Number of protein chains: 2
Amino acid sequence: MGGPVIQPWPRKSSEQKLDCRIFKVRKDVVVNPRNNSLHDMYALDMDNWVNVIPLTPDQQIILIHQWRHGTRSVQLETPGGLMDHPGETPEECARRELLEETGYEAGELVHLGSVHPNPAIQGNLQHYVLATNCRKVAGLTLDHAEDIAVTLAPLADIPRMIRAGEITHGIVIGGFYWLELHRRK
Amino acid sequence: MGGPVIQPWPRKSSEQKLDCRIFKVRKDVVVNPRNNSLHDMYALDMDNWVNVIPLTPDQQIILIHQWRHGTRSVQLETPGGLMDHPGETPEECARRELLEETGYEAGELVHLGSVHPNPAIQGNLQHYVLATNCRKVAGLTLDHAEDIAVTLAPLADIPRMIRAGEITHGIVIGGFYWLELHRRK
């Protein structure tokens, strides 16, 4: 394929414009190396994310319903969250988020892979972790800004649920592709 | 599975906080219906996006290298862009972006599906369009804020390229899952 012939865009200046709690908005002034023109580019600084694909011993997937403020609708999702505990690995974060959001304890954990969720405006990573042999050990531990309902579905139903529009969360759907790549190895 | 038991979070107020050109930052004050607590929630308002998976008659995929300001790195991606032309369908946008960014003209177009790229903070849609029998008909039409290099790769190599970290763009990787779902039907 050959390597990229595209050059980096040098940054002339960079400043934080807005603090939105889970992300900060940054404005950079950058130079297009193709024509030396200057451009204002906005980006979001935020923690890395972990998404966990949790399976029970009988190949049910543990899903959550929650209200999402971007779409202003209830979404059906795999559990996950921000890696905002210092020193935490993706696997540790997956185990913690799974327990908090669903009351299930993970058996074995496998880091499936990582992506840039939106390179155009975000520099953070999305880690995908498979959790097998998950067992219900507790209730949910929700903070006062959360409201979550847990549901199970057969893993084999996921492609149908995606096609039917029951799952529309793009980052979650991406995780199922990583699971397929993992199982195909 | 049963329907969600999660209730909508009513919005007490909503105001635009920052105009970042391709997106606007909105602050909503919302109520958690589980405990009536009030919360500030930030979201991004922006146009829908189209991503096109372009194939040549001999099953090569047409990819682009471009510098991305979120990651501040060169990314290898399928072409795509904002649906910012009034009245344009996802297929029309796919055809336009493919021609502008690669100089290839699409043969047949199929809308594979649509997702919410990040329901937590975005309400917009990401449409995925398959373009087959693409043929090189022109050079690139880049605006002064773009710098793009086109490359071809065998479609069969995509899973290896994802695993090897040559493609890390999560939204792009999600599109390949939609292509697999389509071909499996």
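Predicted model: local features only at pLDDT ≥ 70, side-chain atom pairs only at ≥ 80, totals over all residues.
Residues are numbered from 1 along each chain as its sequence is written, and chains are lettered from A and ligands numbered from 1 in the order in which they are written.

Chain A is divided into domain 1 (11–45) and domain 2 (49–184), with bounds that come from an automatic or database domain assignment. A distance of 31 Å separates the C-alpha centres of domain 1 of chain A and domain 2 of chain A. Four residues from domain 1 of chain A and four residues from domain 2 of chain A take part in the contact, where two residues are in contact if their C-beta atoms, placed from the backbone, lie within 7 Å. On the side of domain 1 of chain A that touches domain 2 of chain A, the residues comprise four nonpolar, no polar and no charged. Here Ala, Val, Leu, Ile, Met, Phe, Trp, Tyr, Cys and Pro count as nonpolar, Asp, Glu, Lys and Arg as charged, and the others, Gly among them, as polar.

The contact between the chains takes 61 residues from chain B and 61 residues from chain A. On the side of chain B that touches chain A, elements that each supply at least two residues include β1 (11–19), β2 (24–31), β3 (38–45) and α2 (158–163); helices (H or I, at least four residues) and strands (E, at least two) are DSSP runs, numbered from the N terminus. The most residues on this side, seven, come from α3(B). The side of chain B that touches chain A is made up of 31 nonpolar, 22 polar and eight charged residues. Because 100% of the interface residues of chain B are also interface residues in chain A, the copies meet through the same surface.

Chain B is superposed on chain A by a rotation of 180° with 0.0 Å of shift along its axis (RMSD 0.0 Å), by least squares on the C-alpha atoms of residues with pLDDT of at least 70 in both. This is the relation of a two-fold axis. In chain B, the C-alpha of Gly174(B) is the nearest to the axis, 2.3 Å from it.

Most residues other than glycine have a negative phi. Gln59(A), however, has a positive phi of about 60° and lies in the loop between β4 (49–54) and β5 (60–68) of chain A. Gln59(A) is exposed, with 10 other C-beta atoms within 10 Å (buried, 20 or more such atoms; exposed, 12 or fewer; partly exposed in between; C-beta atoms placed from the backbone). Asn133(B) likewise has a positive phi, near 55°, and is placed in the loop between β10 (126–132) and β11 (135–136) of chain B. Asn133(B) is exposed, with 12 other C-beta atoms within 10 Å.
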